[in-house]
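Subject: Structure handover

Hello,

Here is the structure I promised to pass on. My notes on it follow below.

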Amino acid sequence: MTVGRKLLVGAIALSGLFAAIPAHADVKAGVDAWAKGDYARAVGEWRPLAIAGDADAQFNLAQAYKLGRGVPLDPGLAESWFRKAALQGHLQAGDNYGLALFQAGKKTDALPWLEKSVARGEPRTQLVLGTMLFNGDGVPRDFPRAYALMTRASASGLQSASQTLAQMDQYISPADREKGTALAQQYALQMTPAAPSRTTVGQAGERVSGRPANQAGGRVDVPASLPARDSTPTREPMPKPATPKPAPVKAVAAKPVPKPTPKPAPVPAPVPATVKATGKWRIQLGAFRDQGNAETQWSKVRGRLRGTQPFYTKAGSVTRLQAGGFASKAEATRACSAAGVPCVIVAP
């Protein structure tokens, strides 16, 4: 084949590729449709552009699959589209890809993405990685760094991080706490969050953004349904809850001290096969902007918490999923261990 003919064939192939994209397809148009609740139209705008390689459209389409809006709920497809956008350098896609891998149990694959996200100061990934480091879950246990990351996530206003930080305080030694506090101050100086993208607020507070086809920039950023979720980050990040203004973190200078032997958290016994729902202690299994998501979460864990009663507690625009009926804190702790999802104990 001659060079001229090869060029002609290549040109025809490229023209066929661009012809496959509808003339009206536009990332920003999809964002506008999403903001109005027209999710099917939004997906129709993004899909051809995502297939053609537009990172913003790929990220938006991943969010649609993650939330089940305009398309069937499909975490696998959401993860795949997040990956495509993340590999193109889309920062928010990298954040959500790491969280999606973690939620799918792919902790080894998730770790490098979580580290990149944490280095930019993303609170959700600070929450997840901090919990992994505290528990030695897929990474070597590191109490000072776990405490530092959880302190930064809490300072950002992430409620589940504040709750987890309080739990850490029950087990961490004063020396490790002091080291972690000093390290948190270093992170506060080093971490520079990425510049905010152009966004619009969609239904139920989910944030999406994008750009017209002829403009640069624009990102879609819908908080991940983890967790910590708004749950204690322990297993999977959940939807970002309405967050109170956090108290400033008090700086404490680190002092050289001999490294103590970390006091491991006690291993709770398995939850009883049946719990009599008569006690006043509860456990919180997540916080969600849509009650439907809270009900879906309950359907996943109810088999592990037989005999308990679900409660859908409203807190502003957030619905907190709680299970009740525990007679004591010890019983609630065992239930948290058996739930298999991020969990926080709620006192009467």
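**Helices α7 and α8**

Helices α7 and α8 are oblique to each other. They pack at an angle of about 130°, with their axes 9 Å apart. Please keep in mind throughout that this is a predicted model. Helix α7 covers residues 107-119, and helix α8 covers residues 123-135. The crossing of α7 and α8 is left-handed.

From α7, the contact takes in Lys107, Leu111, Leu114, Glu115, Ser117 and Val118. From α8 come Thr125, Gln126, Val128, Leu129 and Met132. By class, the residues in this contact of α7 with α8 are six nonpolar, three polar and two charged.

Gly136 sits in the loop between α8 and α9. Its relative accessible area is 32%, so Gly136 counts as partly exposed. Ala146 is ten residues from Gly136 in sequence. The C-alpha atoms of Gly136 and Ala146 are 9.8 Å apart.

**Helices α9 and α10**

Ala146 turns up again in the contact between α9 and α10. The axes of these two helices come within 8 Å and cross at roughly 145°. The crossing of α9 and α10 is left-handed.

On the α9 side, the residues are Ala146, Tyr147, Met150, Thr151, Ala153 and Ser154. They meet Ala161, Ser162, Thr164, Leu165 and Met168 in α10. Seven residues of the contact of α9 with α10 are nonpolar and four are polar, with no charged residues.

Helix α10 spans residues 159-168. Its buried residues are Gln159, Ser160, Ala161, Thr164, Leu165 and Met168. What do the buried residues of α10 pack against? They pack against α8, α9 and β7.

Ile172 lies in the loop between α10 and α11. Is Ile172 buried or exposed? With a relative accessible area of 5%, Ile172 is buried. Leaving out residues up to four places away in sequence, Ile172 touches Phe143, Tyr147 and Arg177. Tyr147 is 25 residues from Ile172 along the chain, yet their C-alpha atoms are separated by 8.5 Å. Tyr147 also belongs to the α9 side of the contact with α10.

**Helices α4 and α5**

Another helix pair is α4 (residues 55-67) with α5 (residues 75-86). Their axes are 8 Å apart, and the packing angle is about 160°. That angle makes α4 roughly antiparallel to α5, because angles over 145 degrees count as such. The crossing of α4 and α5 is left-handed.

In α4, the contact residues are Ala55, Gln58, Phe59, Leu61, Ala62, Gln63, Tyr65 and Lys66. In α5, they are Leu77, Ala78, Trp81, Phe82, Lys84 and Ala85. The contact of α4 with α5 has ten nonpolar residues, two polar and two charged.

**The sheet**

In what order do the four strands of the open sheet run? The order is β6-β7-β5-β8, with antiparallel pairing. β6 and β8 (344-346) are the edge strands, and each pairs on one side only. From one strand to the next, the twist averages 35°.

β6 (residues 309-315) and β7 (residues 318-326) pair over seven bridges, in the antiparallel sense. Gln309 stands opposite Gly324 in β7. Lys314 has Thr319 of β7 as its bridge partner. The hairpin of β6 and β7 has two residues between the strands. In that hairpin, Gly316 takes a positive phi near 70°.

Helix α13 (residues 329-339) lies across β5 (281-288), β7 and β8. It runs at about 35° to β5.

Gln297 is in helix α12, which spans residues 291-301. Why does Gln297 count as buried? Its relative accessibility is 8%, and the cut-off for buried is under 20%. Setting aside neighbours within four places in sequence, Gln297 is in contact with Leu285, Phe288, Leu321 and Val341.

That covers my notes. Over to you.

Best wishes

Notes
Residues numbered from 1 in each chain as written. Predicted model: local features only at pLDDT ≥ 70, side-chain atom pairs only at ≥ 80, totals over all residues. Heavy atoms only, no water. Axes fitted to C-alpha atoms, helices over the stretch in contact; angles between N-to-C directions. Parallel < 35°, antiparallel > 145°, perpendicular 65-115°, else oblique. Left-handed = near helix turned anticlockwise from the far one by under 90°. Contact = heavy atoms within 4.5 Å. Nonpolar A, V, L, I, M, F, W, Y, C, P; charged D, E, K, R; others polar. Pairing = 2+ DSSP bridges. Buried < 20%, exposed > 50% of the residue type's maximum accessible area, 1.4 Å probe, protein only.
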